[in-house]
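Look over the model before reading on.

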Amino acid sequence: MKAAELTLKLIKESIIGGDLTIDSNIPPGSGFGSSTADVIATIRAVADFAQLVLPRDTVSRIAVDAEIASDSLAYGDQPVLFGHRSGALIETFEGDYPRLVIVGFDTGDPPVATDEFAPARYSPEEIETFSILRALAARAIRSGDAAALGRVSSVSAEMNQRHLPISRFADIVKISGISGALGVQVAHSGNVAGLVFGAGERDQVDAGRRILHEEGFGKVIEFDVFAAPRAWS
């Protein structure tokens, strides 16, 4: 695996032989970060074998070199703005994410091969909108405003329709409104989406799950942000 080779080259270790086992339940091409999870785990496993702990920015750069693009997984639950094709940390947001519950699901669209997916080319108007969303997201995280973060997510999801359209996006937005969700999130390089709820909104969460099933969306899973996911249904 390229990630292992790059890590060994960086730490200047000559290891003869060894076994690396990747055991993952993340569906490839879904936008869950399956490839990044595998690569980050590989980099850290090799470094651990050499009794080293690599800085997060170093891990991220190796990940990008290994797979062209990466997400911010190396930074764990720290809210950051991350250059997914440079591996560079652009901004660290002050505070923690608000407590959220996400009801994720398969949109029914085909999986996306990340290494074959052409990067989005955003218009000047979209770039300007992203600047506004960036400021709003920073404020929402700093103040713990779950509703504001849900709105940011929804605008981002709608913008993504021009680059990787979800065939039933209008239905998803409708379900979000009916169930009382704070917003919608989508994978920008995959085929999964989610309804965003505030923690403690049990009735709304249950309504969202029920309507998704009624509307034929599959692989519905509920999880608290940065907590272990519950079982698929």
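Leaving aside neighbours within four places in sequence, which residues is E201 in contact with? They are G180 and L182, where contact means heavy atoms within 4.5 Å.

This is a predicted model, so local features need pLDDT of at least 70, side-chain atom pairs count only at pLDDT 80 or more, and totals for chains, interfaces and linings use all residues. Residues are numbered from 1 along each chain as its sequence is written, and side-chain values use heavy atoms, without hydrogens and water.

E201 sits in the loop between strand 5 (192-198) and helix 7 (202-214). Helices (H or I, at least four residues) and strands (E, at least two) are DSSP runs, numbered from the N terminus. E201 is buried, that is, under 20% relative accessible area with a 1.4 Å probe, protein chains only. E201 has no salt bridge (a side-chain nitrogen of Lys or Arg within 4 Å of a carboxyl oxygen of Asp or Glu). The nearest side chain of opposite charge, R202, is 10 Å away.

Now the helix pairs. Axes are lines fitted to C-alpha atoms over the stretch in contact, with angles from 0 to 180 degrees between N-to-C directions.

| Pair | Axis distance | Angle |
|---|---|---|
| Helix 6 (169-179) and helix 7 | within 9 Å | roughly 145° |
| Helix 1 (2-11) and helix 2 (34-49) | 9 Å | about 40° |

I175, I178 and S179 of helix 6 touch Q204, A207, G208, I211 and L212 of helix 7. In helix 1, A3, A4, T7, L8 and I11 meet V39, T42, I43, V46 and A47 of helix 2.

Notes. Buried < 20%, exposed > 50% of the residue type's maximum accessible area, 1.4 Å probe, protein only. Lys, Arg positive; Asp, Glu negative; His and termini not counted.
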